[in-house]
Amino acid sequence: MNTKEIYNKTEGLAQFKTYLLLLMMTMIFVNCSNDDEGTFQVPESAVNKALALVPGTVTESESEIEDGVAAWKVEITTQQGAEVEVYCRQDNDELLRIDGESGPFDYNIVPGNGLIDFNQAKAIAAGETAEDLENWQLRPEDKYNNQWVYTLDFDDTKVYINAVDGTVLDVES
């Protein structure tokens, strides 16, 4: 093999590596892009499930990893102006968690599956503190053996409520 052949093979390999790198970067960009850029689309089934739980306007939707599980995150603004995030599994649209990010918290969410609704959780927590609610979350909690738990975060107090039977699990001040 002469010098010219070696140069041509080396140049071809470098071009191939550059092409492969560009292809990988494009794939990463597409996978990390969101709906606003027109390159990524959360399935209609996940959006519909989120809107069935939280009526309002979808403001953002994207793919995320939630506790090691591929999830669809759908952010919704309620008619009252509150911001709520709904997370569903990507493989079957099963509910993973709901986050009430900001108020006003004068809406109700009925998660189904034998879980108490948000208004019931708020009423139970109101018996523990007179503070203003800042945010809340519904999810399976590791520290409670993966039971579904409402975590209501008030000014200086956090109330944990079993989402199945409504018992207060803990109050942190």
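What share of the contacts in the chain with a separation of 6 or more is accounted for by residues 24 or more positions apart? In this predicted model, such residues account for 36% of those contacts, a contact being defined by heavy atoms within 4.5 Å. Because the model is predicted, local features need a pLDDT of at least 70 and side-chain atom pairs count only at pLDDT 80 or more, whereas totals for chains, interfaces and linings use all residues. Residues are numbered from 1 along each chain as its sequence is written, and side-chain values use heavy atoms, with hydrogens and water left out.

The pLDDT, which is the predictor's confidence in each residue on a scale from 0 to 100, averages 86 over the chain, and 77% of the residues score at least 70. Over residues 25-39 the pLDDT is below 50, and this stretch has 14 contacts in the model beyond near neighbours in sequence. Where pLDDT is low, the predicted coordinates should not be read in detail.

The chain holds three helices and eight strands, taken as DSSP runs numbered from the N terminus (helices H or I with at least four residues, strands E with at least two), and from the N terminus on the elements run α-α-β-β-β-β-α-β-β-β-β. Of the 173 residues in the chain, 36% are buried, where buried means under 20% relative accessible area, exposed over 50%, and partly exposed in between, with a 1.4 Å probe and protein chains only.

Helix 2 (residues 44-53) has Ala46, Val47, Ala50 and Leu53 as its buried residues. Seen down the axis of helix 2, these residues fall within an arc of 125°, so they line one face of the helix; the arc is that of the directions from the helix axis to the C-beta atoms. Glu44 and Ala52 are exposed on the other side of helix 2, while its buried residues pack against strand 1 (57-66), strand 2, strand 3 and strand 4 (95-102).

In helix 3 (residues 118-126), the residues Phe118, Ala121 and Ala125 are buried. Viewed down the axis of helix 3, its buried residues lie within an arc of 60°, so they line one face of the helix. The face turned away from the buried side carries the exposed residues Ala123 and Ala126, and the cover over the buried residues of helix 3 includes strand 5 (133-141), strand 6 (147-154) and strand 7 (158-162).

Not counting residues up to four places away in sequence, Ile98 touches Leu53, Val84, Glu85, Val86, Ile109, Trp136, Gln137 and Leu138.

Glu85 has its place in strand 3 and counts as buried because its relative accessibility is 12%. Beyond four places in sequence, the residues that Glu85 touches include Lys73, Arg97 and Ile98. A polar contact of 2.8 Å joins the side chains of Glu85 and Tyr87; the term denotes a pair of N or O atoms within 3.5 Å, where within protein one must be able to donate a hydrogen and the other to accept it, and residues adjacent in sequence count only if both atoms are side-chain atoms.
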